[in-house]
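Good morning, and thank you for coming.

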Amino acid sequence: MGDLRTTKTYRSLCTAFLELLESRRFEEISIQQLCDKAEIRRATFYTHFADKYDFLSFFIRRIEEEFVAHVTNSQLNGTSPSESYYIDMFHELITFFELHPAIIRNHQNSQVLPTILDILAEEIQENIFQHLQDTHSTDEQVNRMKASFYAGGIIQLFRLWMTSPESVDLEKITWME
């Protein structure tokens, strides 16, 4: 992703996609609408992505990379202990959706929501696995199981927050440490 044109294309697509998600459901967004908003050609889109689900996975990975960078910086600066990695990732997820509440409103009853949450869960699971591999000496199989367990919990807690935000007190989620 070192090519400046590619970087600009990805940035334009992600910005346009976020704007579109705030005004319509994922299933209502066409590739043409995304390309028009991002000011790129369809051929350029298809050079990088197979379809909009492939792009959705990419978009989620990009957002997650921002979460990880923020959490890592917090831990390196001493503002957050390394044991709170999972809590910090959950807080980043909630903060993102608090900044973009229209996305939640538009997708709560979406037929594609389970697919979106599955993609999100896979990305969170892979991120947690990498974190465990980097920070714990346990074997790979154990780390995969832990990552699956934590990702499932984060997604379920996120579902609870989506349907009933008042039932999830972010200040009380220290038991995950």
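I will speak about a helix pair, then a cavity, and then several individual residues. Please keep in mind throughout that this is a predicted model.

Let me begin with the helix pair. Two packed helices are described by the angle between their axes and the distance between the axes. Here the pair consists of helix α5, residues 85-99, and helix α8, residues 140-163. Their packing angle is about 35 degrees, and the axes lie 11 Å apart. What is the handedness of the crossing of α5 and α8? The crossing is right-handed.

Which residues make this contact? From α5 come Tyr 86, Phe 90, Leu 93, Ile 94, Phe 97 and Glu 98. From α8 come Tyr 150, Ile 154, Leu 157, Phe 158 and Trp 161. Sorted by class, the residues of the contact of α5 with α8 comprise 10 nonpolar and 1 charged, with no polar residue.

I turn now to empty space inside the model. Rolling a probe the size of a water molecule over the atoms shows where empty space is left. How many cavities of 30 Å³ or more are counted? The count is 1. The volume of the largest cavity is about 360 Å³.

Its lining is formed by 23 residues, and those nearest the centre of the cavity are Ile 60, Phe 96, Phe 97, Ile 116 and Leu 120. In terms of class, the lining has 21 nonpolar residues, 1 polar and 1 charged.

Is Ile 60 buried or exposed? Ile 60 has a relative accessible area of 9%, so it is buried, the cut-off being under 20%. Setting aside residues up to four places away in sequence, Ile 60 touches Ile 116, Ile 119, Leu 120 and Glu 123. The C-alpha atoms of Ile 60 and Glu 123 are separated by 7.4 Å, although the two residues are 63 residues apart along the chain.

Next, the loops. His 100 sits in the loop between α5 and α6. With a relative accessible area of 16%, His 100 is buried. Beyond residues up to four places away in sequence, His 100 touches Leu 18 and Glu 22.

The loop between α2 (31-38) and α3 (42-48) holds Ile 40, and Glu 39 lies in the loop between α2 and α3 as well. Which of these two is buried, and which is exposed? Ile 40 counts as buried because its relative accessibility is 15%, whereas Glu 39, at 72%, counts as exposed. Apart from neighbours within four places in sequence, Ile 40 is in contact with Thr 9, Leu 13, Cys 35 and Phe 45. Between the C-alpha atoms of Ile 40 and Pro 114, 74 residues apart along the chain, the separation is 29 Å.

Most residues other than glycine have a negative phi. Phi of Glu 39, however, is near 60 degrees, a positive value.

Two further residues complete the survey. Ser 23 is in the loop between α1 (4-21) and α2, and at 48% relative accessible area it is partly exposed. Its C-alpha atom and that of Val 112, 89 residues apart along the chain, are separated by 16 Å. Arg 5 belongs to helix α1 and, with a relative accessible area of 65%, is exposed. The C-alpha atoms of Arg 5 and Gln 133, 128 residues apart along the chain, are 33 Å from one another.

That concludes my presentation, and I thank you for your attention.

Definitions and conventions
Residues numbered from 1 in each chain as written. Predicted model: local features only at pLDDT ≥ 70, side-chain atom pairs only at ≥ 80, totals over all residues. Heavy atoms only, no water. Axes fitted to C-alpha atoms, helices over the stretch in contact; angles between N-to-C directions. Helix = DSSP H or I, 4+ residues; strand = E, 2+ residues; numbered from the N terminus. Left-handed = near helix turned anticlockwise from the far one by under 90°. Contact = heavy atoms within 4.5 Å. Nonpolar A, V, L, I, M, F, W, Y, C, P; charged D, E, K, R; others polar. 1 Å grid on protein atoms, 1.4 Å probe; cavity = no way out; pocket = protein on both sides within 12 Å on 5 of 7 lines; lining within 4 Å. Points joined across faces, edges and corners; volume = space filled by probe spheres on them. Buried < 20%, exposed > 50% of the residue type's maximum accessible area, 1.4 Å probe, protein only.
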